[in-house]
Structure formats: C-alpha cells, structure tokens
Amino acid sequence: MTNVETWDRLREHRPLLLACEAIGWLHMAGKARIKFLQMHGGQHSGYEYEKWDESESPPFPWNDRLKWVQDEFPLDKNNAWPGELTEFIRKHTGRDHGLLGLLQAGHAMASGIEKNLPANASGYLGQDVTHLWMSSAFGTPVRNLLDNPPEALTEEGWKHLLGEIETLLRELEALGKPTMPHTADAPNSWRDWREKAVGPDGWLRRAFTSTLAETRLPNNDVTLFDQSYVAAALFKSAVAGAVLEGNAFPWSGNGLKQETRWRLLTVGIGVDHYEARAVKIGDWTGARLALGEFFTKVRRLVEVDLAAGSLLYRDGGVCVFSFPGERLNHKGDDLHIADWQSWLTEEIDGYARETNLETPPYCHISAPSRSLVGMTAEIQKARETMAVPLYRDWKIPGQGSSDGPACPVCLVRRSPSGTDRQRPCAPCRRRRTHRLDAWLKGEQGKLDSDSIWLSEVADTNDRVALVTLSLDIEPWLDGIRLDALRTQAIPEWRKFNPELSNFWERDENKRKREPNPIDQACPFDSLQEEITKRIEQFKKNGQFIKDDLLLCSLQEGYRREKDWPSFFSKIVEDRSSAPEWEALNDDGCAAWLAHQLFCKLASPGRIHRFWRQAEEFFRELLGEFRKLAAADPNCWRVRRLLLKPDQPSSTWKNRVPYNGRCDGNPIDLLFDEERKGFVTLFNMSRFLAPEQDKGALQNKEIVLKDDDNKNAGTLKVQSVENVSGALGVYHPVIPLELSPMRFRVLLPLEAASACVDRAAEAWRAQFARVWDRLPLRVGVVAFSRMMPFQAVIEAARNIESDLEGTNEPETWRVAGCETREGVAALRLESLDHPQELLQTVPITLPDGRDDVFYPYLAVEDKSPRFPRDFRHPNGQVFRHASDLQSGDGISVHPSRIAVLFMDDATKRFQSPLCRPLMEWLRMRELWQLVDRYAPSQTALRGAWSEVVERREAWQGADGAWLDGGEAAWLDLARAMFHERLGVRGACLEELVEAAGDGLLDWSLEWYISVLKKQVSGGKR
C-alpha cells in the first residue's frame, strides 16, 4: 500500500467511519429518558435502556436507518458486522468480535466506571429518588434529576430527541450514499452535519449534558454526553485502524475489547508569540481569529476529511485528537505511523501558510495506549517545543523581501509603506481590520455584544483592568489529583458487604465464623496485607483463585481474569502512571491495587468532563462579568450614538478611527461612510449625565486626529442619532482568551473588584470539596487606557508566572476543626501568612448521608490513624476533613491573587506580592471599615502617612525592624488610628493587625491610589 492509498483509503471509508461515530454517540441514548433514572430510583423496574428503540410505538427504525452502511461497506461479510444492527445498542457492555467488539472497547475505556460492588452484594450505595443527583466533575451537587428534571428528561423532550436522532441518521444516509457527489466541498457538508449534533451548540450535546451516564454515587459526575462522545471518538479511531490494516485485521477475534489501543494526535501553535508581539489590542484579537481559522481547518481534516479521530482536548494553543493505534501484541507496521506523521505535518503546515502564520505548527502522534492518562504529557511536550518561536525551519511568503521596513507586529514580513515604520504588513493589517469588519456588520452581537474598543471599556477615570484567571487543571487530566477521591470508603465497604462476614469460611456445612480479616481500626493496611498474601501465593505456586471472596467483592471483573498480571494491567496500568507489574515487589503491587480499587479513575469520559467543566466555569464567569461591567446607573455607559457632521470632509476615511477632545474629555469616533456619520467609541457616561439627552452633543466642535496623531479636520455635530441594530448597545468587556487553562478579559477598572469577588465566590461554591487541589489563581493588572498594550500583556504574563510559582504544595497547620450541619470548618495557619484562615468543606451529600468520596486532604502523617485514612503507594496519607485535628499538617495547593497598578510601562518588570485569595476579601472588608469611620480623606491620608513615615524610620535598610521597633510602631499606629480616625474596640485592633501584616497598605493603595475612591466622611 502506498502512502497516497493510505489516506485515500480513509477518505473512501469516510461514510463508514462517521456512521460508526454516530453509532457511538447514540448507543446509550436510552439513558436520556427519565425512566432510566426512575428505574435506578426504584420507580420503574421494567425499563431497559438497551432496548429504547423497540419500546417506542412504532419501534424506532434503527436497522432501517443504518442498513445502507452495511451494504456499502461489507468489510469481512461473515464477521465484521453483527447479525442485527440493534446489537450496537443491545450489547455495547459485553465482549464480542468485529465492529461490535471495537465499540465495546471504546465504551469500556470511555466509561472506566468503578463498579466495585457486585450487583446483589448489599444495599450499600443503593439509591432511591432522593439520591439521583447530578454532580459536577468535582463533587458539587448540581440538581436532583427526578425532583427537578431538565427539559430534556421530560416526555416532550424525549420525543423531540427521537425526532432529532432520526433527522441525524437520515442526513447521514443522504451524505454517505454513492449518489452523493464527492466534491472538494464534501468535508464541509459532513462537518456541518457533525457540528449540528455535537458542536458547541449541538442539540445532542445539549440533551446529553443534562443527564447522567452513571447514576450511582459517586459516579454521578460524568454526563451522558462526555461518556458517549469519548466512546464514539475511540470507536471511530479503532475502526479507522481496522480499515488501515485491511485484510490483516482479525474481525473474528473475541479479544478486541481488551487488545484495542489508541494513539493521540497533538497539534499546536505557539500562541504566546503572537500575543507578545501585538502592538495594539487588535493585533492580538485579530491573530486569535486567524489561529481559530487554522484550528478549524485541522479539525475538519482529522474529524471529517480523514475521519480518523475526534477532538478530545483543546485550549488556546493545543488540540488533542484520538487516533488509530496498533492492537496489543500486534506485529508489523500496518498503520504506517511514521508516514502518517510526515504527511500530516505537511498538510498542517499548508494550513498554517494559508493563514499566514509566522511560526511553524506542532504535530505529533503518541505511542499507543489503552488510556488517556498520557494526554497531559503530550500537551506539555507540545508547549515546551513551541516555547521557541522557530523550533524548526519555517518560511512564509514575503519573509525574504527587502522592500520597506520590517512589520512592527510580526517582525518577519516587510511593510509596503516605504518609510512608515509603524504601518504593519498586509497580513497583519488584515488581522487588525478583520474584527472591525465583523463589528460593523453586527456579527459581534453573536458574542453577546462585547466591545472591541478599549476606549469603551475604560472607566470614569479612563482606566482599565486586565483580569487573568486560571485553574490548575492539568494534573487532573493525567489523574495525579484524583488520588484523593474515593469510589468507596473501606470501612463502609467492610461493614455493608455481607460476604466478608464469613470471609475465611468456604465450607457451607461449617457454621463457625472466624473474625473478619479486614481490621476495623485500620482497614486500609489490613486490606493491603490480604492482597499481598494472594500475590505471594500466586508467585510461589501460580495459584489464581477466580472465586476468591475478597477480590470478587472488590471488583466485578476479577473472576473473569486469568492471572494477577493481567488483572493488574487493567486496574492499575490502564488508569494511572504507576510502574508496571514486573517493576514492583509484592508489597508495591498490593499497594497500587488497594489504592486503585477504591480510587476514582482517570477514565477518558471523566477527563473529558474535567477540561470541559473548567472551560464552562470561565464561560459562566464571562457572562457574570458582562453584567457587572455594564451595571451603571448612567444608561449612557453602554450606548452608542451616531454623530452626523454638518458637511462631509475629504480627509475622513471610511472605517477609520479618530480621536479628539470635547469639553475636556477624550472622545473616540469611527467614520462610517454607509451611516454617513461618526459612531461613538467611548464611555459616554464620562460626557453625558444620566438625565441628559443625546442632544447635548449637538453643535459641538471636535478637532479630530488620526491614529498617527495627525490633524484630520474639525467635526461640527449637526445632529445626533441612536445607532441602530446590534451596534446600538454593548458590554464594556473585551475577552482576550478563554480556554480550560486560562481566562483573560479586559474590564473597566471600577468593575474589577466586583468581578474578582464573583470569581472567588464561584470558585468556593463549585470547587469546595477539592479546594486544596484545584486552586484558583487571579491576577489583576490596572492601567491607564493609553498604556502600550505590549507592556500590559508582558505584565500579565509575569504575574501569571509568579502565581504559578513552582507549583509545589505548601504545608498548612490545622488550628482547629469544627463539624456542624454537614460542613467541616477548618481554621488553618500558613507558614507564610500569620493571619489564620478559615476554610469550609462540605462533608455530607444532598440526601444527608456522609460524603465519603471527595473531602480528603493529604496529611503529614506517615501512617493511617483513622478508619477512613488511606495511603497512596508513594506513601502519602489522606484523611477525611471531619477527622482532622489541631496540629495536623495538610498539603495545600493555595489559591493566590496578585495585583499590579501600572502608572508607567516600567512597572511591568515589577513582581507584586502574591497573597492568598482569601486575603482579597479581608482587604475589601478593611476598606469598608475605614470608609465607615474615617472622618475625611484628609484625616485618613494624614494618619496613614505619619504611620508609614515612622515605620520607614524604625526599620533598617534591609526592611528589618530595629530592636523593639515593631511593637512600638504598632502602639503608635493604635494611638494614631484612635486619635485621628476615632476608631475604638475590636475595629481598632483589626486595623492595627492589618497594618502589621501589610494588608492595610494594600487596601488603602488599591482604593485611594488605584480606584481613586473617597471616604464617606464617617457618615455610615
């Protein structure tokens, strides 16, 4: 087979591959009906979701809608296709051969659900209607799906879903039949069909994300969409691998479910380089659109044109796709991976050149694996490679020209402007103007009417804030941070599993009952010892007891295994980065098994939910930020007007921004020839009071200047009109980046504090159970509107780097733990911050049961001390939040905040102090206290300047206090605040304490110097 035949073979089988993907999407569709939930809640015992098609009246025509695929692509007629196509939905959890076996492989790996409890072993973890909650990926309850069902789970929603499914399959048939012309545009038609179903706004995505794939706690964290989509992606790639192998593929092999492996295709581009070179904000937002166009082409190639895989992860600069991989123990190179690597690199390079990208894209195919735990390593490898802008040879059109100066943006092409060194080259100029064209057409309304003009975002003081947020999500994608999450607690498992009560008794005639070998006081260690005994026995005499009561009660699949290494490979190696069986001693193997059998697993479906939920968290915050930024009593804050001149001027150019001043205020305008006037591009609340009419601008004369500060004539406003259509109103925010890894947005500075408050509040609410392992990092860069954009971005990147730090956890000390009303209140002391911190952790579930699944923290102890304690194979001990005691040391990845005010561009080199996020709220409360008591701004400034002056005098050159200086200074501050501000009692002591730990400095600087706030004069 030649190289050309290899990729063309996939194109020839495109209808088959996309039909298989659709089968994967729909193979569990019966779970999207409320009867499925009612069955697990004890209300509908007769519903079988695997037979959802035949339960309809008339039966859903599953076979009829897909028979054409089997006719057109018979493959191996005797073994590839199941006898009835309904077997794809009837038997997807079994073990079979052919295409059904490949679907079973994809389903099993995407699910990875920890079904440790045999079906009829006990009532433990049973459910009723009060238990059927959907939770977030991190354990936060979202809603009870029976008491408060979403629209998709109503009968009307189910009927609508069936209609959409039938339409999907009809369109699939229309696209896939040979009568369909296979033109160059065919991939676009397939892409549109696919996006309508599972794209960002796809109907199938919306329906399936509103319900669960698994209902039983604690597996109610993976939606039906995540599991179905990933299973479909793996099924699609597995079939693509079979197509590439051709006649050599063993369709009749019954081991396909266990032998199938996949690779990961990673494609990236060095987005940070485009951001760092952006001279104006339009350079970056325009480049971002160009990069989006590039990734759209890559997705079309992989997901539709070749149909070799599906997107499993994406952020601003990296996409990861499923890709065919060789079967386990397969010999030969039927997939020609090296040729694929070269061919895909060449194709993707072509997309980058079409988009005029200045840096080479990254393309890499991973080693084969049965899991996705290696995805994070692939992402990190891509980022490390792309950290160098030109990490390999890369030529772009126009790079070698010697005409004109170098483009100030891309720095590689030449500007056609002759001597004008500020004029960008043609591609960079097109990027700048592309968003302007979309804005003038009203297409920006599709993005919730966000502004594209910094002058509109600026607040009443002409200041802006860049807020950058990030969640440390990467360690969750490779399963590292899942080691603290339980699927069961060993004490409960021991208590409720009746078979363990006569564990040693195998002779049914004997009634003597020996003690339970799993010690109640220290169940984890005794469980590990029991597993070690069995491994030692196996290594000594090869004995593997398939009906071992202990192991069968631990894991359903144990009784179907043939030996310990194969059992270990499925339970441990497929779901973690643990050493292989051969590299561990008996105790090591037992430790990993004991850990993994009770640990949440990094299944592909769960990993997909992790990154998707991180992105949704930021997307929801963007919606909140829009409201907060637009919340102004002055209605002119979010309005645009059209200023019509008394007579046109030949110097005004269409679609070109101009600036000027009117009544002492800066004004930015855009001349629009079509509207025959100037559209306002500034915060009009600075010019018009709430009660004023727009007519106040009539007859105003404004001297205009262009972007190069050259005079462009005088505008005399003859009339003022409202701008019609989508451009009439706007939200004063500019999103710069939104991905699972990072969220950056430009806001009015006066709204930044409220937005940070909202982000912290949302983080505490949604990630309260994993607060110590999923930190929120917040950076705020405040600057004047005229600050160079490059300086602002550089400052933001430096802050992000400081916030990330070494990414190593800190050790905090528990000062106290109080449990009340389902919440553990932890008083914590950080070695770096003397102020005691309060952290609340939910420890019960919505139905009132103890949460034994999520709220565990890493402690300093070397051995378990409480029944619910457990130990990771690396030695780390984890403890339930309610079992923590004073003096316990816990390992915390802290949430931090750093704030920088740039009053000049050199401040970008400063590293502001990174503080715990909880101190932000305390800082805000301090200002409220000061605002309540300070009699005047003068009194406040006078008192604080004198206190600061004494501090500087009583400290040495290195900032260290002279002998007794700190205590004397605090006494002085106490006396000064009492005398000058009139503060007494507890409020006085709070101010003195804040002065001592530097928080009062921060509060006064932020509110007075940055936000320019005035105290209320003690009137509150």
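**Loops, contacts and charges**

Biologist: In which loop is the place of Ile518?

Modeller: This is a predicted model, in which local features need pLDDT of at least 70 and side-chain atom pairs count only at pLDDT 80 or more, while totals for chains, interfaces and linings use all residues. Residues are numbered from 1 along each chain as its sequence is written, and side-chain values use heavy atoms, with hydrogens and water left out. Helices (H or I, at least four residues) and strands (E, at least two) are DSSP runs numbered from the N terminus. By that scheme, Ile518 sits in the loop between helix H19 (490-496) and helix H20 (523-541).

Biologist: Is Ile518 buried or exposed?

Modeller: Buried means under 20% relative accessible area, exposed means over 50%, and partly exposed is in between (1.4 Å probe, protein chains only). Ile518 has a relative accessibility of 0%, so Ile518 counts as buried.

Biologist: How far apart in space are Ile518 and Pro491?

Modeller: Along the sequence, Ile518 and Pro491 are 27 residues apart. From C-alpha to C-alpha, their separation is 8.9 Å.

Biologist: What separates the C-alpha atoms of Ala765 and Thr140?

Modeller: Ala765 belongs to helix H25 (residues 749-766), and its relative accessible area of 48% makes it partly exposed. Along the chain, Ala765 and Thr140 are 625 residues apart. Between their C-alpha atoms there are 8.0 Å.

Biologist: How many disulfides does the structure hold?

Modeller: A disulfide is a covalent bond between the sulfur atoms of two cysteines. Here a disulfide is counted when a pair of cysteine sulfur atoms is within 2.5 Å. The number of disulfides is 0.

Biologist: Which cysteine has the sulfur nearest to that of Cys635?

Modeller: Cys635 is partly exposed, with a relative accessible area of 33%, and is in no disulfide. At 18 Å, the nearest cysteine sulfur is that of Cys662.

Biologist: How many salt bridges does the structure hold?

Modeller: Side chains of opposite charge can pair when their charged atoms come close. A salt bridge is counted when a side-chain nitrogen of Lys or Arg is within 4 Å of a carboxyl oxygen of Asp or Glu. The number of salt bridges is 87.

Biologist: How many residues apart in sequence are the parts that Glu326 and Arg263 tie together?

Modeller: The side chains of Glu326 and Arg263 form a salt bridge of 2.8 Å, N to O. Glu326 is in the loop between strand E5 (318-324) and helix H14 (337-354), and Arg263 is in strand E3 (residues 262-268), so the parts tied together are apart in sequence by 63 residues.

Biologist: How many residues apart are Arg813 and Glu860?

Modeller: These two side chains meet in a salt bridge of 2.7 Å, N to O. Arg813 is in strand E17 (residues 810-820), whereas Glu860 is in the loop between strand E20 (856-859) and strand E21 (870-871). The pair links distant parts of the chain, apart by 47 residues.

Biologist: What is the phi of His336?

Modeller: His336 is in the loop between E5 and H14. With a relative accessible area of 21%, His336 is partly exposed. Its phi is positive, in a residue other than glycine, and is near 50°.

Biologist: Is Glu821 buried or exposed?

Modeller: Glu821 lies in the loop between E17 and strand E18 (823-830). Its phi is also a positive value, near 50°. The relative accessibility of Glu821 is 76%, so Glu821 counts as exposed.
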